[in-house]
Amino acid sequence: MRTPEHVTAAEVGQFYDAMWQDGFSPGALAHGAAYIGQECLLSAAEILALGQIAEISRATFVLDLGSGTGGPACYLAQHLGCRVLGLDVSAVGQARASRRAQEQGLQHLVEFRHGDVQHLELPAASVDVILGLDAWCHIPQRAAMLQRCATWLRAGGRLAFYDHVERHPLPADERLPFYAQCCFPDLETPRSYIAALTAAGLQVDFETETAFNATRVYTPLLAAHTTQRDSPEASRGPARYQAELTRLQRMQRFAAYGMLGQIGCVALKPAGDTNPRRTGRPHGEYSGDHA
């Protein structure tokens, strides 16, 4: 088995191509009627709340790194009027995202590209907000990526993201197999993420840490994957179905024990006075204790 640090962007793209190519959507199973095309742990209300904390408006240019099938980018453009450039390593995800923008009549606001953030070239100080929703956990050399993000942000620009983190150490005998199953080169801890943001010259203005979102999503997703076994097993084959089931079982168990969770942050590229640092969570459609 290859070690996680050797995971490449091409392998991550293939991982999601395989997941999405037959029309399957874990996000749709997990979010049900609240699904807006998000393949992340946040609800639509929470995505909008994060956008508002990041001060996204009609005057904002957003770079969505790991845009997936395009749901959040289109949702924010539709509700806040911002312009969005989405980038994803999955060709299937990019194609579905582009169709979504066309179907919703948002081509004038939203563009999706297929590519690797490590090879993305943008002018310095050309972006107002850089967005990430449970995607950066797949990016190797994350600290270097954050340095590049800081360069792309204009003075006063904001980095707004939620991402999977290892809140407490995973079982030693399962850690590397789990990372390999999920195409994670590694996972940050909340402390290491904050340190990497600070090292990139960004000032953390908002942060929250929780395992609640992961439990809320992975528990029904695992249940649906189990109770609706016949359809995915028939379309994907027993071996692939079993591999996905094992991965979901680990994700749900690690989240339930508080080991796997999320960090949410909005960080500023300093420009004069900034607001005092805020902590907590965006106001969404649920309430729940931090695990």
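Buried means under 20% relative accessible area, exposed means over 50%, and partly exposed covers what lies in between, with a 1.4 Å probe and protein chains only. This is a predicted model, in which local features need pLDDT of at least 70 and side-chain atom pairs count only at pLDDT 80 or more, while totals for chains, interfaces and linings use all residues. Residues are numbered from 1 along each chain as its sequence is written, and side-chain values use heavy atoms, with hydrogens and water left out.

**View 1. The whole chain.**
The chain holds eleven helices and eight strands. Helices (H or I, at least four residues) and strands (E, at least two) are DSSP runs, numbered from the N terminus. Of the 291 residues, 56% count as buried. Among contacts with a separation of 6 or more, 80% are made by residues 24 or more positions apart; a contact means heavy atoms within 4.5 Å. The accessible surface of the chain is about 12300 Å², and carbon and sulfur atoms account for 53% of that surface. Accessible areas come from the Shrake-Rupley method with a 1.4 Å probe, and for residues only the protein chains shown count as cover.

**View 2. Helix α4 and its surroundings.**
Helix α4 (residues 71-80) is largely enclosed by the rest of the structure, because eight of its ten residues are buried. The buried residues are G71, P72, A73, C74, Y75, L76, A77 and L80. They pack against the helices α3 (44-53) and α5 (91-103) and against the strands β1 (61-65), β2 (83-88), β3 (110-114) and β4 (127-133). After α4 comes G81, with a positive phi near 80°. Q52, in helix α3, is partly exposed at 47% relative accessibility. The C-alpha atoms of Q52 and L80 are 8.5 Å apart in space, and the two residues are 28 apart in sequence.

**View 3. G93 in helix α5.**
G93 lies in helix α5 and is buried, at 0% relative accessibility. Apart from neighbours within four places in sequence, G93 is in contact with D17, W20, G68 and T69.

**View 4. Two tilted aromatic pairs.**
The structure holds eight aromatic pairs. Rings of Phe, Tyr and Trp (its six-membered ring) pair if their centres lie within 6.5 Å; planes under 30 degrees apart count as stacked, over 60 as edge-to-face and the rest as tilted. One of the pairs is Y16 with W20, where the ring centres are 4.9 Å apart and the planes stand at 40°, so the pair is tilted. Y16 and W20 both lie in helix α1 (residues 9-20), four residues apart, about one turn of the helix. An α-helix has 3.6 residues a turn, so residues three or four places apart point the same way. Both Y16 and W20 are buried. F161 and Y193 are likewise tilted, because their ring centres are 4.9 Å apart and their planes at 40°. This pair links distant parts of the chain, with F161 in strand β5 (residues 153-166) and Y193 in helix α8 (residues 190-199), 32 residues apart. F161 is buried, with a relative accessible area of 0%, and Y193 is buried with a relative accessible area of 0%. Elsewhere, F178, Y179, F184 and F254 form one aromatic cluster.

A disulfide is a pair of cysteine sulfur atoms within 2.5 Å, and a search of the whole structure finds zero of them. C182 is in no disulfide; the nearest cysteine sulfur belongs to C137 and is 8.3 Å away. C182 is buried at 2% relative accessibility. C82 is buried as well, with a relative accessible area of 0%.

**View 5. The largest pocket.**
The volume of the largest pocket is about 180 Å³. On a 1 Å grid over the protein atoms alone, a pocket is an open set of points where a 1.4 Å probe fits, with protein on both sides within 12 Å along at least five of seven lines, and lining residues have an atom within 4 Å of a point. Grid points are joined across faces, edges and corners, and a volume is the space filled by probe spheres set on the points. The lining consists of F15, A18, M19, Q181, R240, A243, E244 and R247. The elements giving two or more residues to this lining are α1 and α11 (238-256). The largest share, four residues, comes from α11.

**View 6. H31 in helix α2.**
H31 is found in helix α2 (residues 26-31) and is buried, with a relative accessible area of 14%. Not counting residues up to four places away in sequence, H31 touches Q38, C40, L41, L42, S43 and V217.
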